[in-house]
Amino acid sequence: MAIYALRKLAFFLGAVFVASLAIFILIRAAGGNVAAIVLGKDATAEAINALAHAYGLDQPLPVQYFNWITNMLQGDLGQSFRTKESVADLVTARLSVSVPLALSGLLLGLIIAIPVGTYAARNVGKPSGAVLALISQIGIAVPVFWAGILLSVLFGVKLGWLPTGGWVDWRESPIGAIRSLVLPVLSLGLIMAAVLIRYVRSAVLDVMNQDYVRTARAVGMTRTQALLSVGLRNAALPIVTIVGLQIAELIGGTVIIEMVFSLPGLSRMILANVAAREVIVVQSTVMLIIIFVIFVNFVVDLLYGVLDPRVRNAA
Amino acid sequence: MNTTTTAPTVAPRRRRRLELNASLVVGVALTIGFLVIAIVSFFWLPSNPNIPNIKNRMLPPGTVDHWLGTDGLGRDIIAQLMVGARTSILVGAGGATISLILGTIAGLVAAAYGKIADETISRGADIMLSIPGMVTALVLAATMGSGALTTIFALTAFFTPSFTRVIRSAAMSVLQEDFITSAKLYGRGKLFILARHVIPNIAGVMIVQFTLYFAAGILTEAGLSYLGVGVTRPSISWGMMLNEAQQTVGISSPLAMWPGLAIVIVVLGLNLLGDGLRDVLDPKLKRRS
């Protein structure tokens with residue numbers, strides 16, 4: 001197990017390094033004279049040079065990369081050129097929107113997908129199973145932002161139960177904050193569920209044909225008993241993996257849903273800063289998100305090794 | 001455009017499978033309809049989808065000459081949907097094709113050229129897969145400017161690692177077959193074996209994956225264009241139409257329905273086609289799908 005964990009840790013660190021390099025190159029190589037763009041057309045050459053110098057933008061790119069990384073390792077994510085706010089503050093202010101949205105969306109997706117997917121697998125070949133497979137197939141084809149639009153037309157415009165967009169801060173009114181999150185979470189969760197149902201269904205179908213389920217049936221358990229006692233635990237492994245892989249997908253969905261419902265989350269902040277050419281804010285924020293995703297996958301890999309001896313020994 | 005939709009299979013069994021395969025039938029029908037509409041749009045459009053006509057703004061569906069109505073600037077909805085189909089094909093199929101080519105090369109190298117090549121390529125693909133595509137696309141749009149080319153580039157960055165993984169594992173299982181050993185004993189070189197034996201045997205997998213990523217590409221393009229970082233006018237995208245509908249006339253208008261329906265139908269069609277083809281071309285996977 002220790003060797004397995006070390007290998008995974010090495011991969012985690014390597015992945016973070018490669019990703020940081022890729023992000024830096026993508027944002028900076030094509031960036032042009034950042035200071036000039038930030039200050040606008042009327043800026044004097046002195047002002048541009050002063051800004052560039054203050055932020056180390058006049059140094060060679062490898063030096064800038066090195067400084068960026070070492071500062072990040074010390075917890076300094078840099079600051080905005082214009083507002084001087086630190087990236088850490090900018091990000092944490094947005095997390096109270098983005099994190100509940102993404103987590104509840106994923107949770108809702110799982111709460112729907114696990115029972116429905118299991119049911120679909122149990123009824124494979126029957127009309128009810130086929131109908132569920134079709135519904136999930138249609139759900140996968142629905143863009144998450146269109147699901148958001150439809151839900152907000154139905155519950156916001158037609159029924160008037162919930163706001164169609166906007167945000168009430170948690171400190172101002174927790175109920176208001178929850179109300180503004182209901183439709184976004186529902187959109188995200190339903191679309192996640194459509195995707196996850198297929199994986200759950202195929203994972204359960206797989207274990208249903210395994211020897212240990214047959215053995216359990218042979219010692220007198222019913223199909224359902226066998227599935228609950230030995231089947232689900234084994235089906236949990238591939239489902240855990242899929243959740244790890246879906247994290248990147250989940251963040252993509254959250255980005256779009258925040259736009260549909262005008263929520264002041266991370267993605268709106270990134271978009272605004274992309275437009276304003278705040279390269280340091282953008283590269284640090286994007287890097288934080290990527291580290292988070294790689295970290296989740298690292299944890300998933302570790303869990304997988306803990307749960308299944310075959311995995312850690314094969315590695 | 002890649003138009004390959006059939007591949008050789010064993011004749012007697014094929015007929016029965018095709019009859020039973022509802023996914024394939026519906027998928028083929030929807031996909032052909034989609035392709036035909038895009039092709040027709042080059043020769044005929046109800047009216048110019050980019051020229052505003054304030055006199056005709058916000059016509060309701062069912063109006064003569066504008067059967068699905070017009071948008072807030074009086075542009076015909078059907079014409080916009082038709083041109084949008086072109087964009088979906090250009091970007092979706094473009095991204096899927098380039099990723100398929102790059103992913104096949106990388107996957108074959110990983111499968112056939114030793115442990116170091118395999119480790120490097122596989123770990124590289126793992127890293128790229130853990131980077132959220134939507135976030136990268138935002139950054140790309142910021143540095144390269146938005147447009148169809150940037151969008152295709154972004155799709156290629158998301159899809160190539162997945163293709164690489166699939167092709168690698170398909171190629172590895174072919175490489176373990178006996179006929180590969182005999183080809184080696186016969187003195188055939190690696191490139192010859194890959195081109196002559198491996199690629200034809202993984203062609204089914206490649207076609208299925210292409211179809212599914214074509215669909216995923218259309219969804220992603222729509223999302224990016226909805227965010228305003230995808231294609232821009234005079235090109236038209238269904239995602240862009242949804243964005244404009246939400247910005248100008250509000251979401252409860254029928255304008256926010258049509259492009260969404262178009263996306264769902266086309267993506268559903270391609271996914272069904274992919275699933276149906278998988279059953280025909282890749283019998284080993286039939287049970288799981």
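Two residues are in contact if their C-beta atoms, placed from the backbone, lie within 7 Å. With that in mind, let's look at this predicted model. Where chain A meets chain B, the contact takes 39 residues from chain A and 32 residues from chain B.

**Where the chains meet**
- On the side of chain A that touches chain B, several helices each supply at least two residues, including α1 (2–29), α8 (174–208) and α10 (223–260).
- The helix that gives the most to this side of chain A is α12(A), with seven residues.
- Sorted by class, this side of chain A has 32 nonpolar residues, seven polar and no charged.

**A helix pair in chain B**
- Helix α2 (residues 22–43) and helix α10 (residues 258–281) of chain B pack with their axes 7 Å apart, at an angle of about 135 degrees.
- The two helices, α2(B) and α10(B), are therefore oblique to each other.
- Among the residues making this contact are Leu24(B), Leu30(B) and Phe34(B) of α2(B), along with Ile265(B), Leu272(B) and Asp275(B) of α10(B).
- The contact of α2(B) with α10(B) has 13 nonpolar residues, five polar and one charged.
- The crossing of α2(B) past α10(B) is left-handed.

**A helix pair in chain A**
- Helix α9 (residues 211–218) of chain A packs with α10(A) at an angle of about 130 degrees, and their axes are 9 Å apart.
- That angle makes α9(A) oblique to α10(A).
- The crossing of α9(A) past α10(A) is right-handed.
- On α9(A), the contact is made by Tyr212(A), Val213(A), Ala216(A) and Arg217(A).
- Five nonpolar, two polar and two charged residues make up the contact of α9(A) with α10(A).

Methods: Residues are numbered from 1 along each chain as its sequence is written. Chains are lettered from A and ligands numbered from 1 in the order in which they are written. This is a predicted model: local features need pLDDT of at least 70, side-chain atom pairs count only at pLDDT 80 or more; totals for chains, interfaces and linings use all residues. Axes are lines fitted to C-alpha atoms, for helices over the stretch in contact, and angles run from 0 to 180 degrees between N-to-C directions. Helices (H or I, at least four residues) and strands (E, at least two) are DSSP runs, numbered from the N terminus. Angles under 35 degrees count as roughly parallel, over 145 as roughly antiparallel, 65 to 115 as roughly perpendicular and the rest as oblique. A crossing is left-handed if the near helix is turned anticlockwise from the far one by less than a right angle, and right-handed if clockwise. Ala, Val, Leu, Ile, Met, Phe, Trp, Tyr, Cys and Pro count as nonpolar, Asp, Glu, Lys and Arg as charged, and the others, Gly among them, as polar.
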